[in-house]
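Dear colleague,

Please find below the sequence and structure that I am handing over to you.

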Amino acid sequence: MKPINRKWVKTLPMANLLGMSPISLTRRAKNKDGYLVKGEHYNQLGDKNSPFYWHVEKTLEAFENWGAPVR
């Protein structure tokens, strides 16, 4: 796979980078459990049917450091 040179990408390329399915990735964002934060790790512009956009570096970092969220 060629490297991604953009800061924000849609769900499919982000899921491929993480080695998971796009559905699993969006479910983790929708959990609102403190691991993935809207506006920091992902954004969804428009209504609930709009695509997700993922911040590549911050999302990769979140998955590398996956553990209990700090509140």
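The model is predicted, so local features are reported only at pLDDT of at least 70 and side-chain atom pairs only at pLDDT 80 or more, whereas totals for chains, interfaces and linings use all residues. Residues are numbered from 1 along each chain as its sequence is written, and side-chain values use heavy atoms, with hydrogens and water left out.

Overall fold

The secondary structure comprises three helices and three strands, arranged from the N terminus as β-α-α-β-β-α. Helices here are DSSP runs of H or I with at least four residues, strands are runs of E with at least two, and both are numbered from the N terminus. The protein has 71 residues, of which 28% count as buried; buried means under 20% relative accessible area, exposed over 50%, and partly exposed in between, with a 1.4 Å probe and protein chains only. Of the contacts (heavy atoms within 4.5 Å) with a separation of 6 or more, 55% are between residues 24 or more positions apart.

Thr11, Met14 and Ala15 are the buried residues in α1. They lie on the same side of α1, because they cover an arc of only 100° around the axis, the arc being that of the directions from the helix axis to the C-beta atoms. An α-helix has 3.6 residues a turn, so residues three or four places apart point the same way. The buried residues of α1 pack against β1 (8-10), α2, β3 (52-55) and α3.

How do α1 and α2 pack? Their angle is about 100° and their axes are 8 Å apart, which makes α1 roughly perpendicular to α2. Axes are lines fitted to C-alpha atoms, for helices over the stretch in contact, and angles run from 0 to 180 degrees between N-to-C directions. Angles under 35 degrees count as roughly parallel, over 145 as roughly antiparallel, 65 to 115 as roughly perpendicular, and the rest as oblique. On the α1 side, Thr11, Leu12, Met14, Ala15 and Leu18 meet Pro22, Leu25 and Thr26 of α2.

Helix α1 (residues 11-18) also packs with helix α3 (residues 56-64), at an angle of about 40° and with the axes 11 Å apart; the two are therefore oblique to each other. Met14, Leu17 and Leu18 of α1 are in contact with Val56, Thr59, Leu60 and Phe63 of α3. Just after α1, Gly19 has a positive phi of about 75°.

His41 is placed in the loop between α2 (22-30) and β2 (42-44). Is His41 buried or exposed? Its relative accessibility is 7%, so His41 counts as buried. Beyond its neighbours within four places in sequence, His41 has contacts that include Trp8, Tyr35, Tyr53, Trp54 and Lys58.

Lys58 belongs to helix α3 and is partly exposed, with a relative accessible area of 36%. Leaving aside neighbours within four places in sequence, Lys58 touches Glu40 and His41. Lys58 and Val37 are 21 residues apart in sequence, and their C-alpha atoms are 10.0 Å apart in space.

With kind regards
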